[in-house]
Amino acid sequence: MIEAALILPAVLAAICLLLGRRTRLVEAVSVAGAGSMLVLGLYLVLRTFDEGSVDEGIWYMDQFSGLMMLIIVLIGFLAMVYSVPYMRHEHDSGEVNQKRIAYYYGFLFLFILTMVLVVVSNNLGMVWIAVEATTLVSAFLVGFHNKATSLEATWKYLIICSIGISLALLGTIFIYASSLPILGEGSDLHWTSLMAVAGQLDPSFLKIGFVLVLIGYGTKAGLAPMHTWLPDAHSQSPSPVSALLSGVLLNCAMYAVLRYHILLIHSPLGGGFSSGLLLLFGLLSLGIAAAFIITQKDYKRLLAYSSIEHIGIISIGFGFGGFWGIFGGLLHMLNHSLTKALLFFGAGNVLQKYGTKNISEVRGVGRTMPFTAALLIIGSLAITGSPPFSIFTSEIMVLTAGIDQGNLLPAILYSAILVVVFAAFMGHIVKMVFGEPPQGMEKGEISKMGLLPMIVLAAAILIMGLYIPDILGDALRDIIALFGGLV
Amino acid sequence: MLVDLLFATLIFIPLLGAVIAAVLNGRPKASVRVAFTVSSISSLLGVAITILVFWQGQMRWELPFASPFGSLSFTIDALAAFFLGTISVVTFAVSLYSFGYADHYEGKYPVGMLGAMFNIFYVSMVMVVSSSNAILFLIMWETMSLSSFFLVIFEHRHEGTVGSGLFYLIMTHIGTAAIGLGFLLTYAQSGSFDFSSFPGAAQGMSDLLRSALFLLWAVGFGAKAGIIPLHVWLPRAHPAAPSNVSALMSAVMVKTAIYMLIRCYFDFLGVQDPWWGMTILAIGCVSALLGVMYALIESDIKRMLAFSTVENIGIILIALGVAMVFESYGLNELAALAMIACLMHVLSHALFKSLLFMGAGSVLNATHTKNMEKLGGLAKRMPYTSAMFFVGALSAAAIPPLSGFISEWLIFQAMLQSFNIPETMVKILIPVALGTLAITGALAAAAFLKVFGITFLARPRSKDAQEAKEVPKSMLWGMGLMATLCVLVGVLSFTILPALDQVSSPLVGASIADSLVEGIEIVPTVGEFSQVSPPLIAIVLVTVMAAVLMLSQVYGGRGKIVKADTWDCGTPLTARTEYSGRGFSNPINRMFSWVYRPIRTFRARKHPSPYIRTEMRYTSTTEPVFEKYLYGPTEAAVRWVAKKVSVIQTGSIQTYLGYIFVVLVLLLVVLRF
Amino acid sequence: MVSTLSLDAINTLAAVILLADFMLVASSRMRSLTRIFALQSLAMGCLAAVVAFETGAEHIYVVAVLSVALKAVVIPRFIDYTTAKIQVNREVEPLIKIPGSLLICAAITILAYFVTEPIMELGTAITSNCLAISFATVLIGMFMMVSRKKAITEVIGLLIVENGVFLAAISTTYSMPMIVELGVFFDIFVGVIIMGIFAFRINRTFETIDSTVLRGLKD
Amino acid sequence: MLTSLVQTLLILALSPLFTGLIRRLKAYFQGRQGASVLQPYWDLAKLFRKDSVVSQDASWIMTATPYVCMTAVIAAALMVPLMTTSSLGFVGDLIVVVYLFGMMRFFMALAGLDAGSSFGGMGSSREMTVSAIVEPTILLSIFTMALISGTTDLSGISHNLASTGFDLVRPALFLALAAFFISTLAENARVPVDNPSTHLELTMIHEAMVLEHSGKHLALMEWSSMTKLLLYMVIMANIFLPWGIDTDLTALGLAAGAAAIILKLLVFSLAIALVESSMAKMRLFRLPNLLTVSFSLSLLAVISYYIL
């Protein structure tokens, strides 16, 4: 059953690439395909949520992978829907030709494919391969615009992520090595079999292995100070792609790290070591991101840095651990991807309307594009953790964890930085939304269709702010149990 | 049960109304009508609930769905009910007022949004005082801040408006962070987010933790209440907002902070260390004195009113502080007295401040300026508005027997009881506070005399003021209601105080209702210490007045009243020769120049006319002390750090790879040990 | 029981690999870089073969063959082709002068021994003492990337890191499961191709392949 | 009830007399003959008969003020003990009295602004400035007495003090008395704070405020001011030195009380006259020094009550 979720996007990618210049058809295929992908994905998600896990040998899904799958297909679909008007506008403004549009959709599907591969592979080696593959595929999407800046971004993205990834491979090897004495020669690298013997794995192998994995996948997840490629790549790629990169890809990398974290929690080493590192890197990312958010001049980079900030929050959450920490971390993965997608879509509209990424040159969005403006405001309030939006819930959970565990200093640091970020971020956005628009800027949204996914996302984060559906809540509790957060 | 139903409706209709109003944005008239009808209805419901709760005891209501933070429940006990009532009454009057007020935004700004946000603002305030789950509270608290933020920046094309709104948002967010930390620290002890579990948890806390909570909450709620030095947002945001919103913000929103302070200190923590009370008392004194001083020299009506809000919050905190001191020494009766005084001032300030802001709004509406140097002579052109504003000013200046006077009288009485305190040091300090309060009272009188005298009396100082017309009926109704209440609450205070005792007794653990009121007399303390009887004062004043009038007519000779010019020493009087507001407050400005630190500049220019040799220009502005010495440097420091950090993003890929290399090596080495 | 001969062979090959690292750092010509890399990969392949022979695990032969084919033949060719195509000048252009680099590399090697010591003791594999060299290779590869200007040198550095990882795999676990190994090779191959493509594009846009000019994006 | 009514009427009736008396005494000290002691009565009578001219710029405040002022003083008088300690204390205590004077001042100052002449504005502004410090001083000094005697009801204070003889006397009392005396001068527009008998714009405070009033209105204003002065003296007499005042409404007691109060009032008038003829009026911006002195005196009084 899981193969289907891998084959489908591959097929769709092929179709898109083959259809070539028949743009309308490509768009139809993409949206329909993404829709079916969504349905299929949701089916798998629901199945894992109530069966606990779906084990098909090399393919394996538990609720954790289910959560990831949910994020991938949901954001994937919305990004696909948003891409249609976005790409049309790019085409009309002579940025890209029809051939490249087909190529864009094709690679978008390949990108989704690789990310799905990350979360459904049982074999940690496969996970590594998949993560590397995401880099290679998305490189073309990042460099899509073929401008000097986007090429530079792509190059940095490729080199830095590849180096990180190869460190992750080294880490994986050590984990594997730690399992050899127990499982014997040629033991498969399966997550399930490793978990089975987690209690007997050798600590010093695990330690060095986890450090390498954390740095490796951490690079991909955008943990400071390995984050350096992220603002470039996320700000240079087309907005829908940015949404996928920030909202989904980072989570996938984090997912890979957390798999090892779980392994360590159940190993004789205990979770303390890995949690400590996660907390350290989390706080580092939070602080550094805050600094850049304050001094930022480019609103897409602003969003990119905010992604670093939120990855920081997620890893702080798992660093604090305990019921609230893990609950918060998991919930934050979902909330952040929803909110960040909303913001990148909004940023896309602004970019296409004003033709600049400079915060200082964008004024009076409220006058020119009232709906986009409203959604932007909602999104930024949400991303900075104001209630009644969902991120507030997860952030307060993380804070609760910190205080509950008695990690007072980090907790206070965390909340202080969040306040500063709030101030800075809102400062930028409010400047953009209010005031008088520049001369000769005609009113009107870029497209109605582009607003749809944004409205969906806004509704989602508003509802999630107070109310978490039981099925999701239960699944999260199971995952927390997986992290040993309930004991 | 009936109350639950009412409460559910109270919450539901405004949300619905907000949506409708937003949808009808295209048709301003309709959307205004919908929005404010809804808000007035639901505020009436609020009053009803208050009465029911006082009558039947507390109500509890839960949201129908579970949340990870436990049941999202609302509890309305006497304390909450009192604040709910205050909020609702004010909101009702302001809603009436808004029918007329909102019109003048038509075509300029999206009126529908105003109506929508107004309703959300009201609901969030209600939920803030009623929610009994820490997280739910935080959510509502921020919702209140956000909705008020959007209302503040409603006129966002005025330059400066968005800036002040943003400043407000950030300040209140800082406050929320402090509050949240406090709650979570309590949660770590209690293991539940429900307020009902907090008091128990506080018992087991170490003194250090309790003090930490005290300070966190003082800062958090203080930022919202506008205590000095966290007040800076207040005189920027309140004037920037539409006047009906300023009325709500100044009159009731800041009170939600007071509510939470009482809740946290008396209900959750339980007051034990005297220094808590003294701290609050000190904060109160500073806020009251500086607040009124800045109010006095302000010539923008709404800013002046905003500063006066700072002052009154100070007075309220003085009363609260005294209550806490008494409580900490186990003098519960006296604590009850001080607490009642505090609540009474909360009520009366809510009444007269909303009235005054509505008045200011009417003036602004009729003359398009809130700078009193351009006004004057409105008493003739806007008789009703001026009359009601006058009542508000009298009440704010604590003229007997209006509501403002009664509350101040009670506070004085409470402070005079300080001789019962065993600690001599405290005994000595409280009279100092008493002196501060007395000065504050006198300065407040001067301030309100100025704002009324300069704005409404004498000759108009500008064309706008010349052509001012009386405002529409609905606005007058709103103000009229408040004006009547200002008088009634004062005169009939002896009927209200028992209810306030019902609020305070569970908090301070003593009820003084039976001794507090004797017939129509208020006898604050046991024994013959002192008493006052507002209704009798009223009667005496009226009868004497009548007598004076009659006698002076009968025996005062046949002299009639002749209209004539003001004595002008021979030169025709113009607006320029009138006494200006700035001039009025100048003596005090010079007397307290060490507070105002005025920046004076002289400019002399050669004048063409042979008779006038040189013309002198004189400007005098007050130094914004807190901005200059507190907020400016803080922001600069943060930016400096950020700048220093952001050099790491050099753009060179080699550097970036270097980071990874270094991190790897470091971790490996660390791991080795 | 492991024959001393093959142990010697393994150690010699490991030594060759380490030597290759230093030669890489020392060399100042682009072409020699690729040559040395090919050599190193060859040694790697042989080492894998020896291990395969010793452990009798067939799949390691495959790995060995693959690594030789890919890293010793195809990829070096491809890189030479690229460099030729985009007329890179022959200098390596180090940011850190070669003598300094060599000293640093020596330090790195010592460090590698230092950090891997405890693990080498645990190592069950006959080759576990190659672990230090693999670490050294990884770190030196990274150092190459940090200290050289050209984009191409970054690719080569990356490949050296990969070699180090490969060596580590061999020396601790006799290489990963087959499927993983295949995937890894595939990824590396595709990765190099893609990097080549972008090297082309960058050269077309910037008229240079000196990656220090890629500094448009910063804060 | 009845007694306080009688006392009030007495105060109203006698107030011009004492104003006249003070003027006469001043004249004596300055070596002038001076007008008759009854002169104020004649002035009032004349003014009452004249038309009152009201500025056409002014609003209803202007016309209302004289009556309000009169009402305020009378209401205050009702709560102040004169010869006997039984007065309308239950209606309001000293705070109410002080705030009634506050009300009077409030309206007077408004009326000053109302006509729109710069004199009036100047007067009001200065009046409010002065009162900003004087009012708290008065409150504090009376509070001291309230603390000493254990009640805030004016009659109560004098009753308790008078009935308990001299053993309640302490330093606090004299500090408070001093503070109150200075405040009396300031509140009633006497030298050195203000000069009641000048219309020089540099100096005048009170006169500037009432400048626009005339005829009957002026009469009422003047009369209420005179009454206010007398009231202050009475309060000073019966709160700080109440001995001799009647405490139990006997004919003998009343006679004694009357004698006592008259004696005290004469002494105070003498004191005021002495001060006025021996001191010069202060510059406006010197006033704060004097007033702050009196304020700190009163504060000291309260504190010393606790520590001494």
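Predicted model: local features only at pLDDT ≥ 70, side-chain atom pairs only at ≥ 80, totals over all residues.

Q: How many residues does each side put in?
A: Chain D gives 70 residues and chain B gives 67 residues. On the chain D side, seven elements supply at least two residues each: helices H2 (39-49), H3 (60-78), H4 (94-114), H5 (118-149), H9 (215-240) and H11 (287-307), plus strand E1 (52-55).

Q: Which element of chain D has the largest share?
A: H5(D), with 17 residues of the side that touches chain B.

Q: Which residue of E1(D) is the bridge partner of Lys563(B)?
A: Val54(D) is the partner of Lys563(B).

Q: Switching over. How many residues go into the contact between chains A and C?
A: Chain A puts in 39 residues and chain C puts in 37 residues. On chain A, the elements giving two or more residues are helices H5 (124-142), H6 (148-183), H8 (203-221) and H11 (272-295).

Q: Which of those gives the most?
A: H6(A). It provides 20 residues to the side of chain A that touches chain C. That side of chain A splits into 24 nonpolar, 10 polar and 5 charged residues.

Q: Which pairs of chains don't touch?
A: Chain A and chain D are one such pair: no contact joins them, and their closest C-alpha atoms lie 41 Å apart. Chain C and chain D don't touch either, with nearest C-alpha atoms 57 Å apart.

Q: OK, chain B on its own. What's it made of?
A: Chain B has 26 helices and 7 strands. The radius of gyration is 27 Å, close to the 26 Å that the globule rule gives for 673 residues, so chain B is as compact as a globular protein of that length.

Q: What does chain B span?
A: About 105 × 70 × 60 Å for the C-alpha trace, along its principal axes.

Q: How much of chain B is buried?
A: Buried residues make up 60% of its 673 residues. Among contacts in chain B with a separation of 6 or more, 79% involve residues 24 or more positions apart.

Q: Which residues touch the most other members of the largest nonpolar core?
A: Ala319(B) and Ala338(B), in a core of 680 residues. Helix H13 of chain B, residues 332-367, has the largest share of this core, 24 residues.

Q: What does Ala319(B) touch?
A: Leaving out residues up to four places away in sequence, Ala319(B) touches Ala338(B), Ala341(B), Cys342(B), His345(B), Ile411(B) and Ala414(B).

Q: Last one, chain C. How many helices and strands?
A: 7 helices and 0 strands.

Q: What box does it fill, and how much is buried?
A: The C-alpha atoms of chain C fill roughly 60 × 35 × 35 Å along the principal axes. Buried residues make up 52% of the 219 residues in chain C.

Definitions and conventions
Residues numbered from 1 in each chain as written. Chains lettered and ligands numbered in written order. Contact = placed C-beta atoms within 7 Å. Helix = DSSP H or I, 4+ residues; strand = E, 2+ residues; numbered from the N terminus. Pairing = 2+ DSSP bridges. Nonpolar A, V, L, I, M, F, W, Y, C, P; charged D, E, K, R; others polar. Core = buried A, V, L, I, M, F, W, Y, C linked by C-beta atoms within 7 Å. Buried ≥ 20, exposed ≤ 12 C-beta atoms within 10 Å, placed from the backbone. Rg over C-alpha atoms; globule rule 2.2 N^0.38 Å.
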